[in-house]
Amino acid sequence: MRIKSIMCCCGGGVGSSFIVQMNVESLLKKHGIEGVSVDHVSVSEISMHKVDLYVVGSDLAPFLKDKPRVIELDNIMSMPELEEKLLAAFEKARNE
């Protein structure tokens, strides 16, 4: 199943999730991955959105335990961690 939409989540849905969204968009561009929409919300708004992949800090991961595809970031500001986990998620989705 192809990843066509990504939602970045944080406690308030403004600051850190927006930064993660910009980082995800930057990495998608860097790796030539097109046709993927990226947005951000607070964890309280997650149920209002159906997307293919969620990106969240590990502290908030329990809020997404029922979602099929979640990237848990130990350090939401770490581009190397995000890049590694994002590319792994795309590779796994390609093989499903």
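Mentor: Begin with burial: a residue is buried under 20% relative accessible area, exposed over 50%, and partly exposed in between, using a 1.4 Å probe and protein chains only. The model is predicted, so local features need pLDDT of at least 70 and side-chain atom pairs count only at pLDDT 80 or more, while totals for chains, interfaces and linings use all residues. Residues are numbered from 1 along each chain as its sequence is written, and side-chain values use heavy atoms, with hydrogens and water left out.

Trainee: Why is Met22 called partly exposed?

Mentor: Its relative accessibility is 39%.

Trainee: What makes Met22 part of helix 1?

Mentor: Helices are DSSP runs of H or I with at least four residues, strands are runs of E with at least two, and both are numbered from the N terminus. Helix 1 covers residues 15-30, and Met22 lies in this helix.

Trainee: Which residues form the nonpolar patch on the surface?

Mentor: Phe18, Ile19, Met22 and Met77 form it, with about 340 Å² of accessible area together. Patch members need over 30% relative accessible area and no salt bridge; like charges are joined within 9 Å, and nonpolar side chains (Val, Leu, Ile, Met, Phe, Trp, Tyr) within 5 Å. The areas come from the Shrake-Rupley method with a 1.4 Å probe, and for residues only the protein chains shown count as cover.

Trainee: How do you know which strands pair in the sheet?

Mentor: Two strands pair if DSSP finds at least two bridges between them. Six bridges join strand 1 to strand 2, and four join strand 1 (residues 5-10) to strand 3 (residues 53-57). Both counts meet the rule, so both are pairs. The four strands form an open sheet in the order 2-1-3-4, with parallel pairing.

Trainee: What makes strand 2 and strand 4 edge strands?

Mentor: Strand 2 (37-42) and strand 4 (70-73) each have a single partner strand, so one side of each is left without a neighbour in the sheet. The twist averages 20 degrees from one strand to the next; axes are lines fitted to C-alpha atoms, for helices over the stretch in contact, and angles run from 0 to 180 degrees between N-to-C directions.

Trainee: Which residues stand opposite Cys8?

Mentor: His40 does in strand 2, and Val55 is its bridge partner in strand 3. Cys9 has Val56 as its bridge partner in strand 3.

Trainee: Why is strand 1 called largely enclosed?

Mentor: Six of its six residues are buried, so the rest of the structure largely encloses it. Ser5, Met7 and Cys9 point one way, and Ile6, Cys8 and Cys10 the other way.

Trainee: What does Lys85 touch beyond its neighbours in sequence?

Mentor: Contact means heavy atoms within 4.5 Å. Leaving aside neighbours within four places, Lys85 is in contact with Ile71, Glu72, Leu73 and Asp74. Lys85 is found in helix 2 and is partly exposed at 25%.

Trainee: Why is the pair Lys85 and Glu81 called a salt bridge?

Mentor: A salt bridge is a side-chain nitrogen of Lys or Arg within 4 Å of a carboxyl oxygen of Asp or Glu. The closest N and O atoms of Lys85 and Glu81 are 2.8 Å apart, so the pair qualifies. Both lie in helix 2, four residues apart, about one turn of the helix. Glu81 is buried, at 13%. Asp74 also forms a salt bridge with Lys85, with closest N and O atoms 4.0 Å apart. Asp74 lies in the loop between strand 4 and helix 2, so this pair ties together parts eleven residues apart in sequence. Asp74 is exposed, at 65%.

Trainee: How many salt bridges does the rule give?

Mentor: The count comes to five. One of them joins Lys30 to Glu83, with closest N and O atoms 3.0 Å apart. Lys30 lies in helix 1 and Glu83 in helix 2, so the pair ties together parts that are 53 residues apart in sequence. Lys30 counts as exposed at 58%, while Glu83 counts as buried at 18%.
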